[in-house]
Amino acid sequence: MRIAGAALNQIPIDWDNNLYNIRTAIEQAKAAGVQLLCLPELCLTGYGCEDLFLSEWMPQMALAQLQKVRPWTEGICVAVGLPVRLNGATYNTAAVLRDGEILGFAAKQYLALDGVHYEPRFFVSWMAGETTTVQWEGEEWQLGDLVFEHQGVRFGFEICEDAWRPDTMRPAARLKGRVDLIVNPSASHFAMSKTDVRYKLVMNASRNFECTYLYANLLGNESGRIVFDGEILVARNGHLLLRNQLMSFKEVDLEYIDVDFATPLARAEELVPLPAPDEYRELNQALSLALFDYLRKARSKGFVLSLSGGADSCLCAVAVAEMVRLGVEELGVEEFKRRSGCFEPAKDVVEQMGAGGPSVQQTGEAAAGSSSQALTTNQQLVNQLLTCAYQGTVNSSDDTYNSAKELAESIGAKFYNWDIDAEVSGYVGKIAGAIGRELSWATDDLALQNIQARVRAPGIWLLANIKNCLLITTSNRSEASVGYCTMDGDTAGSISPIAGVDKDFVKKWLRWAETELGYPGLRHVNNLQPTAELRPLEEKQTDERDLMPYVLLNRIERLAFYDRLSPKQVLATLLTEETGTDPELLKTYVKRFYTLWSRNQWKRERFAPGFHLDDYNVDPRSWLRFPILSGGFAAELEAL
Ligand SMILES: Nc1ncnc2c1ncn2[C@@H]1O[C@H](COP(=O)(O)OP(=O)(O)OC[C@H]2O[C@@H]([n+]3cccc(C(=O)O)c3)[C@H](O)[C@@H]2O)[C@@H](O)[C@H]1O
Ligand SMILES: Nc1ncnc2c1ncn2[C@@H]1O[C@H](COP(=O)(O)OP(=O)(O)OP(=O)(O)O)[C@@H](O)[C@H]1O
Ligand SMILES: NC(=O)CC[C@H](N)C(=O)O
């Protein structure tokens, strides 16, 4: 039998988009002679519909939309994910359709509640072995723990999280021996290195439950924060039959394989491992697709970025350039432009920019570039999609200016340069007059730092509004943990692409990108110490001097909020791991971390939407909840 999975790039309650992709997948499958097709979890409504799943009308609407899919299934068997609401409870199901008929609804038994997933809020889990019926306009179908049969092949379901439970509990345990095929429609979030876990899960399931296992994940940045990698896997008795390229920019990625169910296949002795994951490359692909989908789904025209020449903003600039490179590589220029929604349909990029084509140099007072050589096609696209500005003060250095300018020019971004000293002095003078004293670094250190970061916000927002662009804010996970940022200053923005990535990884990624992706424009930043440049230059402010080494900050953060250890346990772990560091200093760092962490929860509540890219993040709306007001670990830190 020819079986297939299709990864779909869906949008919550965008019925036209979702049905269009479902239809495209079914048509492609039929054209390829596929007999059985698995579509991802909740693909009809979108996975990220949140509290809409709790309404009566939305699941009802989904059932109505499912009727439109029926005629498309003439000659093929298709599993389509949708919510079904019965007696005040919503179930997460996969409908099986064939030849225009609905054969039944398989219901999810185990709901995901790990980090970014919050399913028990929306759904009720289905009891193993139970079935009921669904009625709709005079028709009635079975719903629950069901086994189906198509052309002599018996199949049952695990829906995403069902497969992540112990072998003794999961639905596959009950399906073993009763089916030839287990189908898994999924909405499994991306995290670096996770594909390896998923691969083992599917391979082991096919081996331990002696079946063929067909797995299909959602694709893209569906609803804002979570990225799906569109993984399709088929394994049989521990042998891999199919694994696709992840993170496609296409709306539909259909993959199929022939399985001879009639001919036995010996169980694999051992699983063939995947090559070790390349986290730098994975992050690059996930970030690129996440940005592309966010841009087009938010119907914006591009990005604006306050580019300091430091690590965080440089990474964000390269991410946009990589979004263009990877998107064009897969889709081609015209399709990339069409899908982005950022370009006039009939006009060419070059045409839009004037007869001579664009150059890096900007005209007028804001011009900063000096090079006037013609840009490559990708640079022209970046030029349309990314506008950067360096906003210096008396505390800024030539190093960061050169870093920003060279990087922006090398990727083709528009680059402006202005200083904000007049605005800073204006505010400082005004307030000094009001309170009747001068402000000084000796008495007003933080206030004088923060006003500089804040004064950068209005101008860059103005530019974003004029251009109808998303304003990128460059916050990373490490600074979010300790609130090392100025609220409404450097946190100002509408999208925070690297808020889930720690600073140590940011620095390592940039070194990798300079050589492996070929961005020589990163050479400056890769030689710079991270610095806020908010104090007078002679003070040589660096992040790590203000805080602690980023590697340690990252380690403490992980131990405290991923491993969920107490402050005492965190310190004890560090003392065994960091034998070369003074124990008193380690204690100071642990105290500083927890104190800053507690004080700054309110800031984490106010960050712009960020992507989930690592195995955890500190965003209260997607992974980590913590009280805004708390005792701040006072007793626990005192006892250290
Ligand atoms: N629970 C709570 N709920 C609501 N608000 C709360 C609060 N606790 C304090 N606050 C308020 O928070 C305000 C202080 O926060 P905020 O004004 O943001 O600033 P703050 O946290 O005092 O200082 C910002 C820190 O970030 C560093 N920084 C800033 C900018 C850029 C960079 C860089 O790396 O480039 C680094 C800077 O060196 C400094 O250490 C105060 O007005 C305080 O009243
Ligand atoms: N001189 C500047 N021009 C433009 N934007 C700036 C400038 N200084 C700071 N910013 C903005 O404030 C953000 C926060 O600064 P931060 O120091 O945390 O990040 P970074 O400068 O990108 O990296 P690093 O911390 O490694 O120096 C920057 O990413 C940038 O968006
Ligand atoms: N949608 C789900 O059930 C996802 C759950 C699963 N833990 C995963 O991350 O893949």
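User: Before we start, what counts as a helix here?

Analyst: Happy to set that out, and please keep in mind that this is a predicted model. Helices are numbered from the N terminus, and each is a DSSP run of H or I with at least four residues.

User: Thanks! In which helix does asparagine 450 lie?

Analyst: Asn450 is a residue that UniProt lists under "binding site", in an unreviewed entry. Helix 12 covers 441-467. The helix that holds asparagine 450 is helix 12.

User: Is asparagine 450 buried, partly exposed or exposed?

Analyst: A residue needs 20 or more other C-beta atoms within 10 Å to be buried, and 12 or fewer to be exposed. Asparagine 450 has 18 C-beta neighbours inside 10 Å, so it counts as partly exposed.

User: And glutamate 479, buried or exposed?

Analyst: Glu479 is also on the UniProt "binding site" list of the unreviewed entry, and glutamate 479 is found in helix 13, residues 477-482. Burial takes 20 or more other C-beta atoms within 10 Å. Glutamate 479 has 25 of them, so it is buried.

User: Which helix gives the most to the shell around ligand 1?

Analyst: Good one! Helix 12 (441-467) and helix 15 (543-546) each supply at least two residues of that shell. With four residues, the top contributor is helix 12.

User: How far apart do the C-alpha centres of domain 1 and domain 2 lie?

Analyst: The domain assignment places domain 1 at 2-259 and domain 2 at 281-527. Across their contact, 12 residues of domain 1 meet 14 residues of domain 2. The distance between the two C-alpha centres is 39 Å.

Terms used: Residues numbered from 1 in each chain as written. Chains lettered and ligands numbered in written order. Predicted model: local features only at pLDDT ≥ 70, side-chain atom pairs only at ≥ 80, totals over all residues. Domains from an automatic or database assignment. Contact = placed C-beta atoms within 7 Å. UniProt positions renumbered as here; feature names shortened; annotations may be inferred.
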